[in-house]
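Here are a few friendly notes to read with the model open beside you. Take them one at a time and find each residue as you go.

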Amino acid sequence: MVMKLISIVLPVFNEEAGIQVTIDTLLNYIEQQEEDYELIFVDDGSSDKSVPIIRRMLAQHSNIKLVEFSRNFGHQLAITAGLHYAKGDAVVVMDADLQDPPEVIPQMIKKWHQGYQIVYGKRKQRDGETFFKKFTAKMFYRTFEKIATIKMPLDTGDFRPMDRVAVNQLLKLHEKDPFVRGQVTWIGFKQTSVMYHRQERIAGETKYPLSKMIKLALDGITSFSMKPLQVVNIFSVVPLVSGVFYLGYMIASSSFNFAAVGITILLFTLGLLMLSIGIMGSYLGRVLDQVNDRPSYIVSKTEGFEERNKGIHS
Ligand code: UDP
Ligand code: MG
């Protein structure tokens, strides 16, 4: 029987505090598995010692590979690049801070062997994350479920093995601002889940400030829902109807001072108008990014891939 190769893709952004432990843990994990493994670290423009640490380990282990971005392009694009370089029969995406525990992978791989092409990890509990993060994530997934054109499973991240056929389909989607977990749902295939307990970060701080969380949420919504645009149409009813009422009110009692009512309506309408333009702007920005047609990311260097070509996967 030909040995299966499993790729683990890990996006890395300034993870010097914990990356060594992550690598050691994964190497130890791999040793106990039947399948062959490759670890693909995608450095998303780290400015700390993450890259030298990975490089040192890469020199000693032929199954470690490194893809370096020329700058920070973001977590989702780092995943996309990792999928591009992965050669495995299955590809597992996981965070580099061990929040996604490797012990869960065998359970997932078992389901993959049973014929599921995508086995997403469902977070039943999340440790070490702020109330704000958990609350906003929960709200996002529930809102997304209501408005999106895809039925994305609730409370899943990017931690999941995907079969080669699914990965090949994902690679055909050339979105500039990808929302990978949405794309994975969109491509379909036989999908199932494995529950897991999301751990606390082993070291360092989150690399997802509020601004990046908002970008991720907006990318998710603008790529998989047209509902906000339809809401803009509904907004126009408000000033129209209030205008008619205001007119009626004026005619009925012309002796009153209407300034206050008028200003209220005006401000309200102005607010809706600006919100509408903002919503349209979000979509337009996405279109512009796609039309500009720049590469989604730039790889400045790759290391460790030559070994693979000389080895069993030539
Ligand atoms: N990450 C990345 N680019 C970024 C931000 C984060 O590659 O711009 C990586 C990060 O190193 C980690 C994963 O994406 O491996 C998830 O990020 P993080 O753990 O900070 O997010 P959280 O778990 O707090 O949501
Ligand atoms: Mg994390």
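**Notes on the predicted model**

1. Start with helix H8, residues 210-224: at 1.5 Å a residue its 15 residues should span 21 Å, and because its end C-alpha atoms are 21 Å apart, the two values agree. The expected span is 1.5 Å times one less than the number of residues. Helices here are DSSP runs (H or I, at least four residues) and strands are E runs of at least two, numbered from the N terminus.

2. A word on conventions: residues are numbered from 1 along each chain as its sequence is written, while chains are lettered from A and ligands numbered from 1 in the order in which they are written. This is a predicted model, where local features need pLDDT of at least 70, side-chain atom pairs count only at pLDDT 80 or more, and totals for chains, interfaces and linings use all residues.

3. Which residues of H8 are buried? They are Asp219, Gly220, Ile221, Thr222 and Ser223. Buried means that 20 or more other C-beta atoms, placed from the backbone, lie within 10 Å of the residue's own.

4. Now look at Ile40. Leaving aside neighbours within four places in sequence, Ile40 is in contact (C-beta atoms, placed from the backbone, within 7 Å) with Ser7, Ile8, Val9, Leu10, Lys65, Val67, Gly82, Tyr85 and Ala86.

5. Next, the record. UniProt, in an unreviewed entry, lists "domain: Glycosyltransferase 2-like" at residues 7-170; that span is 41% helix and 23% strand. An unreviewed entry also places "transmembrane region" at residues 231-252 and 258-284, and residues 231-252 are 95% helix and 0% strand. Such annotations may be inferred rather than shown by experiment.

Conventions: Buried ≥ 20, exposed ≤ 12 C-beta atoms within 10 Å, placed from the backbone. Contact = placed C-beta atoms within 7 Å.
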